Amino acid sequence: MICRRKLVNRTMHLHWFNLISVNLSAGETGKRYMGHSVDSSSNSINNNNTSIDKLLLASSLACVVDESSQIDERKPMNRLELKRFLELRVKKRVKDQFKDGKFHDLIEKVIANPYTLQDAYDSIRVNSNVNLASECDNIDFTSLAKELAFEKFDISSNIYSFSTRGENKEKLIIPNLKTNVIQEAIRIALEVVYRPHFSKISHGCRTGRGQSSALKYICKEIVNPDWWFPIILNKKIHTRILSKLISTMETKIEDPKLYSLIHSMFNVGVLNLEFGGFAKGHGLPQEGLLSPVLMNIYLDLFDREILNLSMKYEVLDALDDGQFDESKSESKLRRWFRRQMSPTQGNEGSRSGVRVHCCRLMDEILIIVKGSKEVSLALKSEIETYIQGSLYLDFDSNTNILQCNDPRGVNFTGNIIKTTVKESPAVRAVHKLKEKVELFALQKEEAWNEGMIRIGKKVLGHGFKKVKESEIKHLANRSSVLSHVSCFRKPGMETDHWYKVLLKVWMQGQNLKRHDTEEYILSKLITEKALPENLKDSFYMFQNQVKKYVKSETKSTVNLLPESAISSESGYVTEVSSPLKAIRMCLHRYGITNREGYPRACQTLVLLDHDNIIDWYNGIVTRWVKWYHLCENFGEIKIIISEKVWKSCIRTLATKYRLHETEIERKFESDLCRISLTEEDSVNGFLESRDLCYDEGLLYGVGYSGLCMLSLARVVSKSRPCTCFVIGCREAAPCVYTVHVMQRQKFPVWKTGFSSFVHPSLHRRRVGLCKQHLKDLFVGQISLQSVCFDDWK
């Protein structure tokens, strides 16, 4: 009730502010209107002053009625707008504490404020996709603010922990609701202080920046790079790193109480900060709310050092190469600063010199160099020395410098980044002709194989009719289970069974491989051997001629082109591709496919409702579209979605309802459209249809992760009621679910859009979720960070 009353009061203040401005403008209009009658007759104005005031009062009251009717018709704010509105309120309080070049007393004047804590709590509820007008938790923000102001808040009594089973126990410490609110308030305050000072090479946990902006920067703003190498960090936070972090923060914030509170969180283990341990920003509970912003503050030292090193290699070294023209009015240093302010300008003039680029997404760093290998090696050595000597972080020393035209590419943000030659229109036309010839040959080969399979099936059908069971019965083992089972079949079914036994015996004599399918056996080993030799020779001769043309004729056609058509190439183009092998492995870990890669039914999801099953598969598709939509091979992702994910969903529903797959497709046709993504579907239309407008800086990690496997544990009864475990939600939970940690990927691994690391202590933990938040967790509207695991007693 307190939260609802405060929200209504804030809304009424905003509405009355609008009404006052409307009335003032109406009053000024009335004065301008009355000004025409002043010149003609001032006495009439004095006599009718009372009537005019009554008229203005009546019009004001009418405006109140009209405005109140328009308030209900206004479109409500979405999650992003609510998040920005709440953070702007805290931002004003933080800026009021700026004096003498520093921010002072943020704990006492800003964070230990009931209104700030209320806004932080509402911000957490927005992340949890909870309606702010609904019933909220019973928190006394006034007493909590007093505890913070007088340093009486006990962190150790406001946490809870889990540990794994077995000898090697791993412990996970998670903040409770009050500590979460305090961390969120500190996070908002720190982002207000540091966000304007962060470097442009940082793309994580910033407004309007994220994984998409990092990939766009690499692909579009970096022209013709020569060398690149990733910096793979690997370090858990310790006292030395924490001291360095606090000393860095003291240059902008003067607040001993804030640093004492951060030290307390570190000492009890609730401040979980690990460099390179797992994918940051994926909304997992072990990260905590403060980890992203503290990591950005600490690695901002690295960003500034990179700028200094780039100035050294681009400016100072350029002055010693003998190419500096003193007659030019603009110096090398001035041109360097111009390029930093506008990277798209001056690329043509800087191709002959050294260029250093850096892109950082949280603790994932990629260095790109245009220049010689010696320059890249020297730069890499200086970077590693700074990381180890000044930042006290470890790194993977086995990382090698790769050429940008290396076909292997480099791994960054769970994608493969590589450069390809940008071809001229004439060369592209030749290659397009080659692709058409290859496609024509492939179509003929598919038609040939389908014909062979059809003929082989007819041969099998003829054999089923003509073979006698008495002729092949002695080939089988009568003590086998199949032999006993066949006795209980209908009389017409025994011949079918024994003919399959005969086919098995024949296959053993052919020394077939395990991966040979029935179609391959029918087409290659049965049908083709019975065809005329001239027919087979003509088909395979056609295929060989196509291969010969593709290898030789394409090169000769390119050589016939004029040099002007070939020389129009403008270097290399940077492209992003997804790791298909890692994606297929991830599908196997989640039980969507078997070992051979064929889709299967997820037995863990069978007990859930059909809506929840479809939502879980829809969450996979939505995450993949957002994570991989910039990849060049996104078409292959669509194929995996249509062949693996969509088929697995149908088989799961078929297992649940014990129906044929065709009947499932017909019964749930409208619902299954949510997880279908055909070649005609555009990525933007797919995202817009799901209302996924978000800012990666404000809703950090919510859209990419939170995917976990949940199985039905039990239905909630009246004797033991349960409310939703999502922070800020007080709705009743109809069911309790068990969390299954399907994969645990430690450093260094691919990050494939799934929540690539879930702490093993959360395995088999039970959570109660309402219907709405179960769907939000599956689809990706919330993450595991929004779930309070301490609610189950």
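**Close-up views of the predicted model**

View 1. An α-helix has 3.6 residues a turn, so residues three or four places apart point the same way. Arg 187 and Glu 191 also take part in a network of salt bridges that includes Lys 83, Glu 87, Glu 184 and Arg 195.

**View 2. Asp 300 and Arg 304 in helix H12.** A salt bridge of 2.9 Å, N to O, joins the side chains of Asp 300 and Arg 304. Because the two residues are four residues apart in helix H12 (residues 291–319), about one helical turn separates them. Asp 300 has a relative accessibility of 8% and so counts as buried. Arg 304, with a relative accessible area of 39%, is partly exposed.

View 3. The structure contains 20 salt bridges. One of them brings together the side chains of Asp 137 and Arg 730 at 3.2 Å, N to O. The partners are 593 residues apart: Asp 137 is in the loop between helix H6 (114–127) and helix H7 (141–149), and Arg 730 is in the loop between E15 and E16. Asp 137 is buried, its relative accessible area being 13%, whereas Arg 730 is partly exposed at 30% relative accessibility.

**View 4. Strand E16 and its two partners.** Strand E15 (residues 709–715) pairs with E16 in the antiparallel sense through six bridges, with Leu 712 opposite Tyr 737. E16 also runs antiparallel to E17, to which four bridges join it; here Thr 738 stands opposite Arg 766. Six of the six residues of E16 are buried, so the strand is largely enclosed by the rest of the structure. One side of E16 presents Cys 735, Tyr 737 and Val 739, the other Val 736, Thr 738 and His 740, and all of these residues are buried. In a regular strand the side chains alternate between the two faces of the sheet.

View 5. Ser 761 is located in the loop between strand E16 (735–740) and strand E17 (766–769). With a relative accessibility of 2%, Ser 761 counts as buried. Apart from residues up to four places away in sequence, Ser 761 touches Phe 162, Ser 163, Thr 164, Glu 170 and Leu 172.

**View 6. The open sheet E1-E2-E7.** Three strands, in the order E1-E2-E7, form an open sheet with mixed pairing. Strand E1 (98–99) and strand E7 (253–254) each have a single partner strand and stand at the edges, so one side of each lacks a neighbour in the sheet. Strand E2 (residues 102–104) pairs with E7 in the parallel sense over two bridges, and Phe 103 has Ile 253 as its bridge partner in E7.

**View 7. Ile 367 in the largest nonpolar core.** The largest nonpolar core comprises 167 residues, among which Leu 190 and Ile 367 touch the most other members. Beyond its neighbours within four places in sequence, Ile 367 contacts residues including Trp 227, Trp 228, Phe 229, Phe 302, His 357 and Leu 379.

**View 8. Helix H23.** The end C-alpha atoms of helix H23 (residues 610–628) are 27 Å apart, which agrees with the 27 Å that its 19 residues should span at 1.5 Å a residue. H23 is mostly covered, with 17 of its 19 residues buried.

Technical notes: Residues are numbered from 1 along each chain as its sequence is written. This is a predicted model: local features need pLDDT of at least 70, side-chain atom pairs count only at pLDDT 80 or more; totals for chains, interfaces and linings use all residues. Side-chain values use heavy atoms; hydrogens and water are left out. A nonpolar core is a set of buried Ala, Val, Leu, Ile, Met, Phe, Trp, Tyr and Cys residues joined through side-chain atoms within 4.5 Å. Buried means under 20% relative accessible area, exposed over 50%, partly exposed in between (1.4 Å probe, protein chains only). Contact means heavy atoms within 4.5 Å. The expected span of a helix is 1.5 Å times one less than its number of residues. Two strands pair if DSSP finds at least two bridges between them. A salt bridge is a side-chain nitrogen of Lys or Arg within 4 Å of a carboxyl oxygen of Asp or Glu.
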